[in-house]
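My entries follow in the order in which I made them.

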Amino acid sequence: MKNLNEPEQPVAVTPVVSAPKKTPPATDPKPDALAAEGIPSRFCCFVTGTDTEIGKTLISAAILHKLAASGRRACGMKPVAAGAEMRDGELHNEDADMLRAAGNVHLPSSITTPFMLKEPAAPHIAAALEGVTIEPVPILAAYTEIHAASDAVVVEGVGGFRVPFNDDFDSADLASQLNLPVILVVGLRLGCISHALLTVEAIVSRGLVLAGWVANTVDPNMRFERENIDALEQRIPAPLLGHVPRLENPTAQAAAEYIDLAGLPGWHSPRVQT
Ligand SMILES: Nc1ncnc2c1ncn2[C@@H]1O[C@H](COP(=O)(O)OP(=O)(O)O)[C@@H](O)[C@H]1O
Ligand SMILES: [Mg+2]
């Protein structure tokens, strides 16, 4: 399959170094024209996790929030959602809704979630119940549309890294076909070290770029949390982008405070200061 993301191969992107900003003369009321500062560099990523219910949606939304706050046209994508209910004549999924609220590019949900399935079950089972086959082409076509309409795209995976979609297509295949840098969310709880390292192995073995990982506190009573993070930092060949503690109010904005993406390729652009 053709790589749809060829122009911005993650490793090939060189962060653009901003020229020092000139303060406009006091007599000039107009800000610098954006066109004079060039097109913002793109930031696209695939967010996966050590499991389901460990904070992928929260962290994806936090990334979108940061992107939108820094002036990008940012759009989330939840290509496959299992668990949707009808509201106002449209199927809604919680994850898709949260990503939509955190971004600032609003495309029809048939594009941001090409496979919106009603049953909250493993996607291949939810799809079979509806007589649907989850296939890559509609997802890749939708991604291309989102990419064209945005400066930044955050794609949230489903469950862990290897969730089956059909007999010969799973979520890891999707990540490979999108060929996006991957951000791994590690849900901090007992057992997360092995889950995280197995997931890293699966990402790296596919030749994908692991851009970084986020530690997210799932179990607020976990003992030795810091030691677990240290063990992971020693073993994961990518930067720790932040540790999100257990939040009283887990909003995109609240989680965004704990994440730093400044070192990632494509994050900086001439007109975006973070
Ligand atoms: N750091 C956190 N603090 C408080 N609640 C959290 C935190 N991370 C996740 N949650 C909550 O846990 C649930 C699962 O998180 P979610 O982001 O939906 O996980 P996933 O996308 O991996 O299934 C949600 O209700 C979310 O609000
Ligand atoms: Mg989710």
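Which residues of α2 are buried? I found D95, A96, M98, L99, R100 and A102. A residue is buried if 20 or more other C-beta atoms lie within 10 Å of its own, exposed if 12 or fewer, and partly exposed in between, with C-beta atoms placed from the backbone.

**Ground rules.** I noted that this is a predicted model, in which local features need pLDDT of at least 70, side-chain atom pairs count only at pLDDT 80 or more, and totals for chains, interfaces and linings use all residues. Residues are numbered from 1 along each chain as its sequence is written, and chains are lettered from A and ligands numbered from 1 in the order in which they are written.

**Overview.** I listed nine helices and 12 strands in the protein. These are DSSP runs numbered from the N terminus: helices are H or I with at least four residues, strands are E with at least two. Of the 274 residues, 44% are buried. I also looked at contacts between residues at least 6 apart in sequence; 77% of them join residues at least 24 apart. Two residues are in contact if their C-beta atoms, placed from the backbone, lie within 7 Å.

**Around α2.** What covers the buried residues of α2? The cover includes α1, β2 (74–77), β3 (80–82), α3, β7 (152–156) and α9 (252–256).

I then took the pair α1 and α2. Their axes come within 8 Å and cross at roughly 15°. That makes α1 roughly parallel to α2. Axes are lines fitted to C-alpha atoms, for helices over the stretch in contact, and angles run from 0 to 180 degrees between N-to-C directions. Angles under 35 degrees count as roughly parallel, over 145 as roughly antiparallel, 65 to 115 as roughly perpendicular and the rest as oblique.

The α1 and α2 crossing is right-handed. A crossing is right-handed if the near helix is turned clockwise from the far one by less than a right angle, left-handed if anticlockwise. On the α1 side I saw T57, S60, A61, L64 and H65, which meet D95, M98, L99 and A102 of α2. By class, that contact has five nonpolar, three polar and one charged. Nonpolar covers Ala, Val, Leu, Ile, Met, Phe, Trp, Tyr, Cys and Pro; charged covers Asp, Glu, Lys and Arg; the others, Gly among them, are polar.

**Ligand 1.** How many residues surround ligand 1? I got 15, the closest being G55, K56, T57, L58 and P250. Near here means that the C-beta atom, placed from the backbone, lies within 6 Å of the molecule. With three residues, α1 gives the most. The shell has five nonpolar, six polar and four charged residues.

Helix α7 (residues 192–205) packs on helix α8 (residues 225–235) at about 20°, with axes 10 Å apart. That makes α7 roughly parallel to α8. This crossing is right-handed. C192, I193, A196 and L197 of α7 meet N228, A231, L232 and R235 of α8. Six of these residues are nonpolar, one is polar and one charged.

For helix α5 (residues 136–149) and helix α6 (residues 171–178), the axes come within 11 Å and cross at roughly 40°. That makes α5 oblique to α6. Here too I noted a right-handed crossing. P136, I139, L140 and Y143 of α5 meet L174, Q177 and L178 of α6. The classes are six nonpolar, one polar and no charged.

**Loops.** Most residues other than glycine have a negative phi. I checked two with a positive value. D88 has phi near 50° and lies in the loop between β4 (85–87) and β5 (90–92). N179 has phi of about 50° and lies in the loop between α6 and β10 (182–188).

Is each buried or exposed? D88 counts as exposed because it has 5 C-beta neighbours inside 10 Å. N179 has 21 inside 10 Å, so it counts as buried.

Last, I looked at H106, in the loop between α2 (94–102) and α3 (109–112). With 11 C-beta neighbours inside 10 Å, H106 counts as exposed. H106 and S150 are 44 residues apart in sequence, and their C-alpha atoms are 9.8 Å apart.
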